[in-house]
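Please keep the sequence and the 3D view at hand while reading.

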Amino acid sequence: MNKLEIIIASLTALVVLYIFIPKDKKDLEPEVTVEENLPLVAWIDTQKHPWDGTMRDVVKIKYLVERENTILWIRDMTGRIVHVTPFKVSPYKHKPNRIHEYVWRLYESQRSEYVPPGDYEIIIGTNVNNTNNYWLPITI
């Protein structure tokens with residue numbers, strides 16, 4: 001073998017070793033401390049509308065997921081459910097609790113309807129009429 005073949009083979013071996021050597025895996029989700037007295041937090045914020053670029057009102061909700069198949073409901077003060085998350089959230093397998101953040105759009109879009117100002121109640125749990133649910137009143 002000549003020197004050029006040795007150099008190319010050495011560089012190829014280095015690249016293959018670099019690819020197959022395990023690297024430190026970084027958590028994709030940041031660490032969030034869970035306070036037992038605040039399992040549900042919500043605040044009104046703004047978000048850029050994807051179609052026209054204007055700033056629109058949203059409610060950001062951060063909640064604690066303790067049980068399998070947790071759902072978020074939003075109920076107005078007459079008892080009518082005005083919004084339900086389109087998915088169920090479960091805790092991670094390696095952690096007993098999970099913090100999940102959800103954005104409730106108050107403006108009309110493809111997947112949401114206009115929400116008029118008023119008093120609402122945010123409910124987190126596995127069944128809307130369960131006594132173990134967390135709930136939070138919010139005024140929009």
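## Terms and model

Strands (E, at least two residues) are DSSP runs, numbered from the N terminus, and two strands pair if DSSP finds at least two bridges between them. The model is predicted: local features need pLDDT of at least 70, side-chain atom pairs count only at pLDDT 80 or more, and totals for chains, interfaces and linings use all residues. Residues are numbered from 1 along each chain as its sequence is written, and side-chain values use heavy atoms, with hydrogens and water left out.

## The four-stranded sheet

An open sheet is formed by four strands in the order β4-β3-β6-β7, with antiparallel pairing. At its edges lie β4 (81-84) and β7 (134-139), each of which pairs on one side only. From one strand to the next, the twist averages 20°; axes are lines fitted to C-alpha atoms, and angles run from 0 to 180 degrees between N-to-C directions.

Within this sheet, strand β3 (residues 71-76) and strand β6 (residues 119-125) run antiparallel and are joined by six bridges. Ile71 has Gly125 of β6 opposite it.

The side chains of Glu121 and Arg75 are joined by a polar contact of 2.7 Å. Such a contact is a pair of N or O atoms within 3.5 Å; within protein, one must be able to donate a hydrogen and the other to accept it, and residues adjacent in sequence count only if both atoms are side-chain atoms. Beyond four places in sequence, Glu121 is in contact (heavy atoms within 4.5 Å) with residues including Trp73, Trp135 and Pro137.

Nine bridges pair strand β1 (residues 40-48) with β2 in the antiparallel sense, and Asp45 has Val58 in β2 as its bridge partner. The hairpin of β1 and β2 has six residues between the strands, and there Gly53 takes a positive phi near 80°.

Strand β2 also runs antiparallel to β5, to which eight bridges join it. Here Lys62 stands opposite Glu101 in β5.
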